[in-house]
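Have a look at it first, and then we can go through them one by one.

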Amino acid sequence: MSEPPATLAHPAVMNRPPELSFAGMCTMCGNKGTFSGVRSPSRESFPCPSCRATLRYREQAGAILSVFSHGRSHFLDHFRHQPECQRLAILEAAIRGPFIRRFKDVPGYVRSYYFEDAVPGETRDGVICQDLERMTFADASFDLIITSDVMEHVFDVDAVIAETARVLRPGGAHIFSVPMVFPLRPGSTARARRGPGGVEHLAEPRYHRSGLDEPSLVVTDFGADLAARHAERGLRARFHRSMPLTAVLNGNAVVVARRPLQ
Ligand SMILES: [Zn+2]
């Protein structure tokens, strides 16, 4: 009987979290290969070996393709050159992330961010200052709104949903990622709220890194009620699942909230 490989018995290796991997194609760059994840939470891992996009961004790219490519593109770096992408009016509320360089050559692509010291509507380094609860854009301005891990940080989720419903064109979609625990809790939980004296914490404060690399308070832990809250404001929301196995494991939700054609 042969000895097991020495590395298996090494304590440093034994203590490492188990590595998961799966074969697939990157919905961002089209690379075919093996995607591995060891970090927790795993939605931030499983990077594409070619473009480095993490799982949650790739799931979001898959959702964008599912709505807008009509089955003609299987990855975003193909789709972005197609006429059906080039004619989209896109709002992305982001200061960084893998969609920026992909959509920057789409004529109707604009980016927004909430700069606390800027006037809404003012542009800074090509990024428009916007409060998602009260956007300055006209009704029916966009086909696609992209937010990635933003919705859990806003204080008035229903105001943001109402505003996305207002600025989306008929048939348009807000496609967003949020962390979510599966199985889904029935209701969302507020971790903080705005009070007369400032932020009131209702749970142990939890922070993520903002686009400007500052701590950003998590305001809401979302549950299955997210779909009904969109329906109340005229948007049909569904969870997008491009990778069933890992979607269960990774605590990630990509939501497609679509304004009906009429
Ligand atoms: Zn890739």
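This is a predicted model, in which local features need pLDDT of at least 70, side-chain atom pairs count only at pLDDT 80 or more, and totals for chains, interfaces and linings use all residues. Residues are numbered from 1 along each chain as its sequence is written.

Q: What makes helix H3 lie across strands, and which strands are they?
A: Helices (H or I, at least four residues) and strands (E, at least two) are DSSP runs, numbered from the N terminus. Helix H3 (residues 55–68) lies across strand E7 (142–148), strand E8 (168–179), E15 and strand E16 (252–258). Its angle to E16 is about 25 degrees, where axes are lines fitted to C-alpha atoms, for helices over the stretch in contact, and angles run from 0 to 180 degrees between N-to-C directions.

Q: How do you know that E4 and E6 pair?
A: Two strands pair if DSSP finds at least two bridges between them. Strand E4 (residues 108–113) and strand E6 (residues 127–129) have three bridges, in the parallel sense, so they meet that definition. Arg 111 stands opposite Val 127 in E6.

Q: Why is Phe 46 called buried?
A: A residue is buried if 20 or more other C-beta atoms lie within 10 Å of its own, exposed if 12 or fewer, and partly exposed in between, with C-beta atoms placed from the backbone. Phe 46 has 26 C-beta neighbours inside 10 Å, so it counts as buried. Phe 46 sits in the loop between strand E2 (32–37) and H3, and has a positive phi of about 50 degrees although it is not a glycine. Most residues other than glycine have a negative phi.

Q: Why is Asp 125 called exposed?
A: Asp 125 has 8 C-beta neighbours inside 10 Å, and therefore counts as exposed. Asp 125 is in the loop between E5 and E6, and has a positive phi of about 50 degrees without being a glycine.

Q: And why is Pro 170 buried or exposed?
A: Pro 170 has 11 other C-beta atoms within 10 Å, so it is exposed. Pro 170 lies in strand E8.

Q: Which residues is Pro 170 in contact with, leaving aside its neighbours within four places in sequence?
A: Two residues are in contact if their C-beta atoms, placed from the backbone, lie within 7 Å. On that basis, Pro 170 is in contact with Arg 259, Pro 260, Leu 261 and Gln 262, leaving aside neighbours within four places in sequence.
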